[in-house]
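The following report describes selected side-chain interactions and the surroundings of a few residues. The sequence and the structure come first, and the description follows.

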Amino acid sequence: MRTEEKEQWRSESVHKMLMVLLPYLHSLFELLSLSRVSPALRNAIRDQTVLWTKVVVDPPLSSRLTDDILWDFTSRSAGKLNTLILRKCSRVTSKGLWRVVDANPLIKKLIVTGCTELVPEGIIACVESLAKNNHKLETLHINGVPGFTKDHLSALSTYLPQEGAIDLEVCPKCDQVRMIPPCSRESCKRVGRNERECRGCWYCVPRCMQCAVCLGPDTEVEETACGGDVLCLDCCQTLPKCRFCNKPYCTGHSSLRQDNTTTDAAMFACQSSDYRTGANASDPIVLD
């Protein structure tokens with residue numbers, strides 16, 4: 001086989017393998033990255049309706065997503081969109097979201113956490129629209145959307161009767177609308193959800209930032225490099241730690257690690273240590 005034929009065969013083989021992978025990709029970042037491989041693959045991604053029935057937008061694309069761009073991508077589902085996940089999309093407005101929801105009445109999962117330009121009344125209008133024709137919205141996550149009150153939650157509950165569909169609740173300890181995470185402690189799991197003593201928001205109940213287990217006065221805890229957060233001992237032992245201060249970042253703050261150019265995942269410097277020492281995480285450790 002000649003060199004040109006080998007290259008063509010390899011290219012076709014790679015293209016076929018990528019086509020097999022397409023149904024498993026839903027992140028907008030993944031789809032856009034893959035569409036740059038070849039014109040044929042770009043056309044396939046754009047034209048396959050099934051690929052756009054689930055749209056997931058995460059950072060770093062979140063800050064660039066606008067109402068018009070969201071409409072462009074969701075329109076490719078031809079009205080069959082069933083899952084819309086937008087995280088920290090600070091430029092998407094309630095008007096833009098309602099336009100998408102109104103054109104896609106089959107949405108069952110709507111996650112708009114951290115979308116600060118949305119308002120409660122806009123979310124309620126979207127959920128009300130989806131409740132038409134006996135359609136059921138199974139999941140609604142709205143943590144980080146400002147302004148929700150008990151009255152707003154009450155209005156939403158009329159359209160979402162199933163328990164646990166909304167990620168926000170009224171904290172029984174402070175009476176504020178906030179997230180109440182489930183506790184992973186075995187003793188807490190054995191009692192009813194509403195009866196467990198540690199049921200409360202993050203402000204009212206000390207919790208491990210990694211697994212959300214409640215932290216009692218007798219629980220061993222470790223400070224994180226995140227600044228004020230704590231971890232249970234089990235989670236602390238499993239996470240990589242700063243080579244200077246020996247403190248870990250929780251998963252939610254792992255992006256704060258200073259650049260690591262080595263292959264060792266544990267070799268990093270937290271922001272505080274990097275600032276104080278002026279060292280780089282890839283520098284060798286010198287013992288006195």
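Helices (H or I, at least four residues) and strands (E, at least two) are here DSSP runs, numbered from the N terminus. By that scheme, C201 lies in the loop between α8 and β7. The model is a predicted one, in which local features need pLDDT of at least 70 and side-chain atom pairs count only at pLDDT 80 or more, while totals for chains, interfaces and linings use all residues. Residues are numbered from 1 along each chain as its sequence is written, and side-chain values use heavy atoms, with hydrogens and water left out.

Burial is judged by relative accessible area, where buried means under 20%, exposed over 50% and partly exposed in between (1.4 Å probe, protein chains only). C201 counts as buried because its relative accessibility is 1%. If neighbours within four places in sequence are set aside, C201 is in contact (heavy atoms within 4.5 Å) with C171, C174, R178, M179, I180 and R207. The C-alpha atoms of C201 and V177 are separated by 8.9 Å, although these residues stand 24 residues apart along the chain. R178, one of the residues in contact with C201, also lies over the face of Y203, at 4.2 Å from the ring centre; a charge sits over a ring if NZ of Lys or CZ of Arg is within 6 Å of the ring centre and within 35 degrees of the ring normal.

**Salt bridges**

The structure holds five salt bridges, each defined as a side-chain nitrogen of Lys or Arg within 4 Å of a carboxyl oxygen of Asp or Glu. Three of them are listed here.

| Pair | N to O distance | Burial |
|---|---|---|
| R199 and E169 | 2.5 Å | R199 buried, E169 buried |

For the bridge between R199 and E169, the link is between distant parts of the chain, with R199 in the loop between α8 (186-189) and β7 (221-223) and E169 in strand β5, 30 residues apart.

**The aromatic pair**

A search of the whole structure finds one aromatic pair. W52 and F73 form this pair, with 5.7 Å from centre to centre and 15° between the planes, and it is stacked; rings of Phe, Tyr and Trp (its six-membered ring) pair if their centres lie within 6.5 Å, and planes under 30 degrees apart count as stacked, over 60 as edge-to-face and the rest as tilted. Both W52 and F73 are buried. The charged end of R76 sits over the ring of W52, 4.9 Å from its centre.

**N104**

N104 is found in the loop between α5 (94-103) and β3 (109-111), and it counts as buried because its relative accessible area is 2%. Not counting residues up to four places away in sequence, N104 touches T74, S77, G79, K80, L81 and L130.
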